[in-house]
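Here is a friendly walk through a two-chain model, written for someone who likes to see the cut-offs next to the numbers. Have the structure open and follow along.

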Amino acid sequence: MNVIEFNSVYKKFKKGEKFNSIRDSLPNFFRKTIVKNELDEREFWAVKNVNFDIKKGDVVGIMGPNGAGKSTILKLLSRIIVPTKGSMTINGRLSALIEVTAGFHPELTGRENVYLNGTILGMRRKEIDEKFDEIVEFSGVSEFIDTPVKRYSSGMYSRLGFSVAAHMDPEILLVDEVLAVGDMAFQAKCAQKMRELLSSGSTIVLVSHQLDMIQSLCKRAVLLNHGEVQKDGPVGEVIPHYQNIVNQQNEEEMRRKINLSENRVKVDTAGLIDIHKVIISDGQKNIKNDFSTEDSIVVEFQYETKKHLEQPIIIFNITRADGVLCCSSRSDKAGLKINTLNGVGNLRIHLGQIFLAPGIYLIKISIWDKEMIHPYIERSKEIIRIQTNESITQSPGVFMPKITWEIK
Amino acid sequence: MFESIKELLKYHDLLYMLTLRDLRVRYKQAAMGFLWAIFMPIIAVCAGILIKKAMAVVAQQPIDTKGILSISVKVLPWTFFVSSIRFAVQSLVGNGTLVTKIYFPRAVLPLSSTLACLFDLAVAGCVLTVLLVIFNVGVSIYLLWLPLLILFLFSFTFGLGLLLSAANLFFRDVKYVVEIILMFGIFFTPVFYDASSFGQWKFIMLLNPIGSILEGIDDIIVNHLAPEPIWLGYAFVSSMVMLLFGLYIFYKNESAFAENI
């Protein structure tokens, strides 16, 4: 049985702060509103033609980069907003672990707020009566339950909110990334509660950026991008797609940054040496930027000096998109002694099979004087993209070497 | 709309808790506590007496206790109306975090704020009853009309509250306009004076639905008279129309609240 059904759901939002003119909006307030299918210049589709069904007992992860429409889907599911077009049905008592403290009033005591928040989330007073002790026990604020919550620490505040929401026993549960409340002990309790919910057979929709969480909890994932469903299927198949989108965005971001820094006026005007071109290849004369994990990589660059450079040191770095330095090599340590660098020449760096995990990496080459005090030049413009076969799911870590297992 | 009202009734526990919240918040950390509920009526009655005195001086007549009692009786429903509208207008925007984050029938918000004011009216009503007994006003069979008139007053106020709370969500000017109208509304409503003092123009004062309800309440409590059938009927019709119109507008716009707040 389908508990959630989305049939080509569209949702339109407005950009900017401009209001409709009173001539348009006042009649709309009193009369039936006509929904236009086209977009105004100030409008955009936050969610476009979204179709999916969720069956009873499914645990589904919804993922996507920022702005993909995840929050809109959550708001649609929790019935805070209604679709512009299309239809959706929800069968069963739904509750959301989102904004669990929204219903709190700071002036009221913890006890009063448990009842208030509970009823706002859709519980009955009798239900709260029954579970009250359990809720307070779970939150760990029993000592202060008769203190106004405005005197609570932010941790106590969110713990109490989470405890109320966690005791709802819903048929459908929406979870946003709220599980990161409280200290280790409380997190363990939350994880325990999640497992209880999972085993109780309730339907769970999880929205998260944390891949390991989705991977460990969900069997199925829905990937959204630009408001559309891009992939819907087993988690293992969807995650590489997600990874690709993130990588693409990282690459664009990085290129933008490189362009920005190029336009900036360089302080270093010595210009004793120039790096003319950097060629990245797989060692077999195939010049490219896209590699797969097991490819060998060769980086070659051409330099031109204006003066003799005495015993320069060349440093080669590979940095991941998020700024993690993955590997670094120094010419003198790597056994290349250069006495003088003069005129035009080529330098080649053989990386071999370095088994970088799929992602976007930035290559940085810098040339220093022999004391390593003053850089002659620094260049970080080249990007390499490492991709993998779709069947392999992402593993955490910088490198993905070929590891074989064996029982002896 | 029928469906929506059924859902509203399903959420009666929430309604109860929100009303309780409004009351608790109002009386928490307030040294005067429940005295607040009668503070505004007392001040209003004092103002009324002052005006009555001035009119008596002009007319060169002694001031009568009956007139003062009439003012006291009419001030309470009037203050209920004013404070209900004032709280209801803000009820959606003031609870914006709830409206944008959690689903529940939105009508609970203006309804609970109106109910909280009804509670204040009940507290002040008890004090007034003691006062009426002291002044030996006496009782009559016509007092049985009182619950009906209060019901009309409540329906009208709630209907208007629904309409204004929704309107204020879309157009924030509503709040200011309402504030000004409420401030001077007392001069357009027969609270400090009787509609009958306008002679043949009395009906103009009674066309104001609140005016006809107030006059009705005054008649049955102080004057021991049955309410005038025409104006009772008018109060009934106007309050029902206002309630239905308020509900219609509110539910028509409800789905757009979260994204327009």
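## Chain A as a whole

Of the 408 residues in chain A, 45% count as buried; buried means under 20% relative accessible area, exposed over 50%, and partly exposed in between (1.4 Å probe, protein chains only). This is a predicted model, in which local features need pLDDT of at least 70 and side-chain atom pairs count only at pLDDT 80 or more, while totals for chains, interfaces and linings use all residues. Residues are numbered from 1 along each chain as its sequence is written, chains are lettered from A and ligands numbered from 1 in the order in which they are written, and side-chain values use heavy atoms, with hydrogens and water left out.

Chain A contains 8 helices and 19 strands. Helices (H or I, at least four residues) and strands (E, at least two) are DSSP runs, numbered from the N terminus. The radius of gyration of chain A is 28 Å, whereas a compact globule of 408 residues would have one near 22 Å; the radius is taken over C-alpha atoms, and the globule rule is 2.2 Å times the number of residues to the power 0.38. Along the principal axes, the C-alpha atoms of chain A fill a box of roughly 85 × 65 × 50 Å. Among contacts in chain A with a separation of 6 or more, 72% come from residues 24 or more positions apart, where contact means heavy atoms within 4.5 Å.

## Where the chains meet

Contacts link 36 residues of chain A with 36 residues of chain B. Together the two chains bury about 3,000 Å², 62% of it on carbon and sulfur atoms; buried area is the accessible area (1.4 Å probe) that two parts lose on being put together, summed over both. On the chain A side, F29(A), I80(A) and I120(A) lose the most area to chain B, together 24% of what that side buries.

The rule finds 4 salt bridges across this interface, each a side-chain nitrogen of Lys or Arg within 4 Å of a carboxyl oxygen of Asp or Glu. The side of chain A that touches chain B draws two or more residues from each of β1 (2–14), α1 (22–30) and α3 (110–120) of chain A. With 6 residues, α1(A) gives the most to that side. By class, the side has 14 nonpolar, 9 polar and 13 charged residues; Ala, Val, Leu, Ile, Met, Phe, Trp, Tyr, Cys and Pro count as nonpolar, Asp, Glu, Lys and Arg as charged, and the others, Gly among them, as polar.

After α3(A) comes G122(A), with a positive phi near 105 degrees.

E112(A) sits in this helix and counts as buried at 13% relative accessibility. Leaving aside neighbours within four places in sequence, E112(A) is in contact with M17(B), R24(B) and K28(B). With R24(B), E112(A) forms a salt bridge, the closest N and O atoms being 3.1 Å apart.

## A look at F399(A)

F399(A) lies in the segment after β19 (375–387) of chain A and is partly exposed, at 35% relative accessibility. Beyond its neighbours within four places in sequence, F399(A) is in contact with C326(A), I354(A), F355(A), L356(A) and A357(A). The C-alpha atoms of F399(A) and Q353(A) are separated by 11 Å, with the two residues 46 apart along the chain.
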